[in-house]
Amino acid sequence: MTQSHPRISKAVIPAAGLGTRFLPATKATPKEMLPVVDKPAIQYVVEEAVSAGLDDVLMITGRNKRPLEDHFDRNYELESALGKKGDAERLAKVQESSDLATMHYVRQGDPKGLGHAVLCAAPHVGREPFAVLLGDDLIDPRDPLLQRMIKVQEQHGGSVIALMEVAPEQIHLYGCAAVEATGDTDVVKVTGLVEKPDPADAPSNYAVIGRYVLDPHIFDILRKTEPGRGGEIQLTDALQQLATDEKVGGPVHGVVFKGRRYDTGDRGDYLRAIVRLACEREDLGPDFRTWLRSYVAEEMQQS
């Protein structure tokens, strides 16, 4: 018989990073507000949480992140101006972000790493399981990864992390999981985790990507977790404890994701994400693809 576990209702989105890889664009603009086609990256993430049934969203912010709060708030002056112009289409787009979810905010204060950012959510989350979504990974809405993770957590309890197979030479860029097979082809049992290992020391080529469904016992562990790689409190280190001792907070499972993922944490991948998403848009795609083919053809002739 399948065991039932508490229903997840809250999502946590860490958004306190400085965005140094995108300087100077992020000197005064949060990296989460950089547009991906015509929406800021952070809106895609909130939309994903809401699509999975999580409309209680806590954003972990820091200094200079006020535009995030403004984006998900009402803008009465702009709405009034658009209403007077009769521009119903743009008015709906402006109002969409403020109507998405019940938004909450807390400041991280000191940038002590992802583990510390998640710990900042403890007073809001309480003793309920919850989801964590990182803004650098945009998951295509046609591939319901978070919904699948929530289902796995409801079945097995404990925590669930998103995994993706990468080339062995790239594993040093990610957290890496040691795994065992289960009865489901897309679900594995996680037996260990290591943050950004050398390829020769990596237990697998399963990389941790930015989606987590966590048991609240993670907070107890994070409070005692010492700074690890990079001098930061690593969420991976806390998950390692859960994976090796199920008595603490249940097992750790991984959902192996093979769908469409857009990495906006790197400048090159950010540009590729924009191109891919623009090509797939009904309103932009046909003309943009025609231009792109022409541009590529011209470049190939000149090279």
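This is a predicted model: local features need pLDDT of at least 70, side-chain atom pairs count only at pLDDT 80 or more; totals for chains, interfaces and linings use all residues.
## Packing of helix α4

Helix α4 itself spans residues 88–98, and L91, S97 and S98 are buried in it. Viewed down the axis of α4, these buried residues fall within an arc of 130 degrees, so they line one face of the helix.

The other side of α4 carries A88 and E89, which are exposed.

The model has one cavity of 30 Å³ or more. The space in the largest cavity comes to about 100 Å³.

Residues from several parts of the sequence line the largest cavity: F22, K31, E32, L34, A41, I42, G135, D136, T264 and Y270. By residue class, the lining of the largest cavity divides into five nonpolar, two polar and three charged residues. Rolling a probe the size of a water molecule over the atoms shows where empty space is left.

## Cysteines

How many disulfides does the structure hold? The count is zero.

Are C120 and C279 buried or exposed? C120 has a relative accessibility of 19% and therefore counts as buried, because the cut-off for buried is under 20% relative accessible area. C279 is also buried, because its relative accessible area is 15%.

Conventions. Residues are numbered from 1 along each chain as its sequence is written. Side-chain values use heavy atoms; hydrogens and water are left out. A disulfide is a pair of cysteine sulfur atoms within 2.5 Å. Buried means under 20% relative accessible area, exposed over 50%, partly exposed in between (1.4 Å probe, protein chains only). On a 1 Å grid over the protein atoms alone, a cavity is a set of points where a 1.4 Å probe fits but cannot get out, and a pocket is an open set with protein on both sides within 12 Å along at least five of seven lines; lining residues have an atom within 4 Å of a point. Grid points are joined across faces, edges and corners, and a volume is the space filled by probe spheres set on the points. Ala, Val, Leu, Ile, Met, Phe, Trp, Tyr, Cys and Pro count as nonpolar, Asp, Glu, Lys and Arg as charged, and the others, Gly among them, as polar. Helices (H or I, at least four residues) and strands (E, at least two) are DSSP runs, numbered from the N terminus. The arc is that of the directions from the helix axis to the C-beta atoms.
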